[in-house]
Amino acid sequence: MQKQDYALYVPIDAGRVEWCFLHRVEAFRARFDTESEILVGYKRYDDAVKAGRVRFANKSCFAVLSISFNEHVRTALQMAQLLDGDSQEEKTNAPIWRVFSKGAEILAAQQNAAIWAQFIEIKPDETADKKAGGSGK
């Protein structure tokens with residue numbers, strides 16, 4: 001695998017990580033269960049973590065997939081109009097990558113992209129404890 005210059009970060013349910021690694025092609029086809037026509041990933045890890053904390057607020061943890069690729073893959077995807085790197089999320093204005101279905105199939109190939117997962121624990125909000133009558137200082 002060559003040097004990876006670009007990454008898109010996708011928050012997913014922690015329980016789905018193993019399945020995503022074992023069924024890589026199907027996971028990309030399903031856009032990692034993001035319920036979207038296209039694969040959307042954040043350009044910055046911190047933005048993906050913030051989005052994951054909101055999306056999985058009722059869970060004890062979630063994962064952020066890091067899908068990294070090199071300049072050659074990015075160029076090929078953009079030339080084929082399968083990758084949009086100029087978009088922003090509507091609510092937060094966070095920069096995102098949008099990968100269209102054929103582009104996701106290209107990234108599903110192990111030689112084109114590497115995938116890592118980082119698990120994020122969601123700690124109970126201390127302010128919620130105080131509002132619920134918990135002890136506070």
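The following exercises, each with a worked solution, concern a predicted model of one protein chain.

Residues are numbered from 1 along the chain as its sequence is written. Local features need pLDDT of at least 70, side-chain atom pairs count only at pLDDT 80 or more, totals use all residues, and side-chain values use heavy atoms, with hydrogens and water left out.

**Exercise 1. State how many helices and strands the protein chain has, and give their order.**

Step 1. Helices (H or I, at least four residues) and strands (E, at least two) are DSSP runs, numbered from the N terminus. The protein chain has six helices and six strands.

Step 2. Read from the N terminus, the order is β-α-α-β-α-β-α-β-β-α-β-α.

**Exercise 2. Determine which residues of helix α3 are buried and which strands they pack against.**

Step 1. Buried means under 20% relative accessible area, exposed over 50%, and partly exposed in between (1.4 Å probe, protein chains only). By this criterion, 40% of the 137 residues of the protein chain are buried.

Step 2. In helix α3 (residues 45-55), the buried residues are D47, A48, V49, A51 and G52.

Step 3. These buried residues pack against β1 (6-13), β2 (39-42), β3 (61-69), β5 (95-99) and β6 (114-121).

**Exercise 3. Describe the surroundings of R24.**

Step 1. R24 lies in helix α2 (residues 24-29).

Step 2. R24 is buried and has no salt bridge; such a bridge is a side-chain nitrogen of Lys or Arg within 4 Å of a carboxyl oxygen of Asp or Glu. The nearest side chain of opposite charge (Lys and Arg count as positive, Asp and Glu as negative; His and the chain ends are not counted) belongs to E26, 9.7 Å away.

Step 3. The R24 side chain does reach the backbone oxygen of L107, at 3.2 Å.

Step 4. Beyond neighbours within four places in sequence, R24 is in contact (heavy atoms within 4.5 Å) with L107, A108, A109, Q110, A113, A114 and I115.

How values were computed:
A polar contact is a pair of N or O atoms within 3.5 Å; within protein, one must be able to donate a hydrogen and the other to accept it, and residues adjacent in sequence count only if both atoms are side-chain atoms.
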